[in-house]
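Hi everyone, thanks for coming. I'd like to walk you through one model today, so let's get it up on the screen.

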Amino acid sequence: MISPEMHAKIRRLFFAEHWRVGTIATELGVHHDAVRRAIEADRFIRPDALVRPSMLDPYKAFIAETLEQHPRLRATRLFEMVRDRGYRGSVVQLRRYVQEVRPGPRTEAFLRLATMPGEQAQVDWGHFGKIRVGHAERALSCFVMVLSWSRAIYARFTFDQTLESFLRCHREAFSALGGVPRSILYDNLKSVVLERAGDHVRFNESLLLCAGHYHFAPKPCAPYRGNEKGKVERTIQYLRHGFFAARRFTTIQDLNAQLAGWIERTANSRKVPGDPAGRVVRDAIEEERPRLLPLPEHPWGCDTIQSVSSGKQPYVRFDRNDYSIPHHLVGKPLTLVASETLVRITDSAGQVLASHARSYDQKQVIEAPEHVAELARAKRRAHELRGRDRVRASCPSADPFVEALALRGENLGGHVSRLLVLLARYGAADLEAAIKEALARGAVSAASVAHILDQRARARKVAPPLDVILPDDPRVRDLRVTPHSLETYDDLCQPKKVMP
């Protein structure tokens, strides 16, 4: 298609300046056919002029029939099809003919659909970009349900479009609207339609169970017929430009609270589109509510349920975060039950073993203090048993020393821990001698052994050692560090040898 200015220039060069068609096409950089159409070259064809046959003539009927069935078929594909049938002409000639006979887009007329009160609702998701939660970037989606008769809206923002969120929003929508419509019209969402062959639809089983609980009929609209759910499509645009644009919020809870207030104040105050009585949505929903199906006694359960197990550490991973469990459950099969706000870990009998507030951040470790304390106590107990064996292996007199402590009812763990510190500080030989002396004196305690070792060190005029002060956090205090040789650092202090 050439511009009006180019059209006028071609006609001026042909009729006023008497240029040839080829000259005009070359000079202006347009196709010869464009020049001929501009000058209306058909007027100059003599009625008695013979029409030259074309190599494409035998295939024109086939091309027209094929384009009637497949209007969007490309000319290159048609070229392959007619070439296989014996066509030996060029693709350029074929393209010109296809351009002339290809069917144009058809304008379809639609009937105005009217519904009865309580008969139908329309549901869809709207995409509203991204939102940052801590270190994570989450997709922000909005579930929208519209009652077709009153145009009452329920909308809620979520971090995902999972089946659990989809059904949870249904449950909240029914509660907010005060009843259940008899049918709900959907787009062909995976949460609704698993498979479709013509009019035969295989619905998502979870949606069918929810529909059976609330007694509504799910109805997917026909493929490529978005006009059938135009009410919810227009409502999403209404939310996008009337509510969300230029909106400031801190959290998704804040955003949903603002949305609920906006629906009550603004959306429910607008007139029902196409209503001859001029009712506003707030009054229309009051008229429609008695026609809705009543809510069941118990709401539908929409929690995410999945099997989980931990690795070597007492944590299970869910939705990019790690949640703590009691340490004795490491490696065992468990069940995770996640609601919108809570994550619970249960056993096969359904007993709750751990419960945490759900996090929508990422790479976070959510742990219960009692899980950490229990693990620290178990580690400390194991360390005490291993420490007792180390003291016994290093000092033969440790066995009667520990037996004497046990007979007195002393806390063996504390004494053994102190002896381990003395073993690392003074060595096995000095500790063995001090334990023997403490037994001989009848002063059976780790404090007595430490006092004897301190006296001997002072007699040798050895500098007193400095104690390491650790924080109260058991994850630091109970951390076991393997000591390494410091000879490498001693070598750094030696004078460098000068090469001769």
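**Cores, rings and a sheet**

Let's begin inside: the largest nonpolar core has 34 residues, and Phe 143, Met 145, Phe 166, Ile 184, Tyr 186 and Phe 216 are those with the most contacts inside it. By a nonpolar core I mean a set of buried Ala, Val, Leu, Ile, Met, Phe, Trp, Tyr and Cys residues joined through side-chain atoms within 4.5 Å. The elements giving two or more residues to this core are β1 (120-133), β2, α7, β4 (183-186), α8 (205-214) and α11 (281-288), and the largest share, six residues, comes from α7. Those labels are DSSP runs numbered from the N terminus: helices are H or I with at least four residues, strands are E with at least two.

A word on where this comes from: it is a predicted model, with local features needing pLDDT of at least 70 and side-chain atom pairs counting only at pLDDT 80 or more, while totals for chains, interfaces and linings use all residues. Residues are numbered from 1 along each chain as its sequence is written, and side-chain values use heavy atoms, with hydrogens and water left out.

Apart from that core lies another, of 25 residues, among them Leu 431, Ala 434, Ala 446 and Val 449.

Now the rings. Phe, Tyr and Trp rings (the six-membered one for Trp) pair if their centres lie within 6.5 Å; planes under 30 degrees apart are stacked, over 60 edge-to-face, and the rest tilted. How many aromatic pairs does this rule give? The count is 18. Take Phe 143 and Phe 166: their ring centres are 5.9 Å apart and their planes at 75 degrees, so this pair is edge-to-face. Phe 143 sits in strand β2 (residues 136-147) and Phe 166 in helix α7 (residues 163-177), so the pair ties together parts 23 residues apart in sequence. Are they buried or exposed? Phe 143 is buried at 0% relative accessible area, and Phe 166 is buried at 0% too; buried means under 20%, exposed over 50%, partly exposed in between (1.4 Å probe, protein chains only).

Finally, the sheet. Four strands form an open antiparallel sheet in the order β8-β11-β12-β13, where strands pair if DSSP finds at least two bridges between them. Its edge strands, β8 (304-308) and β13 (352-357), each pair on one side only. β8 pairs with strand β11 (residues 334-338) over five bridges, in the antiparallel sense, and Val 308 stands opposite Leu 334 in β11.
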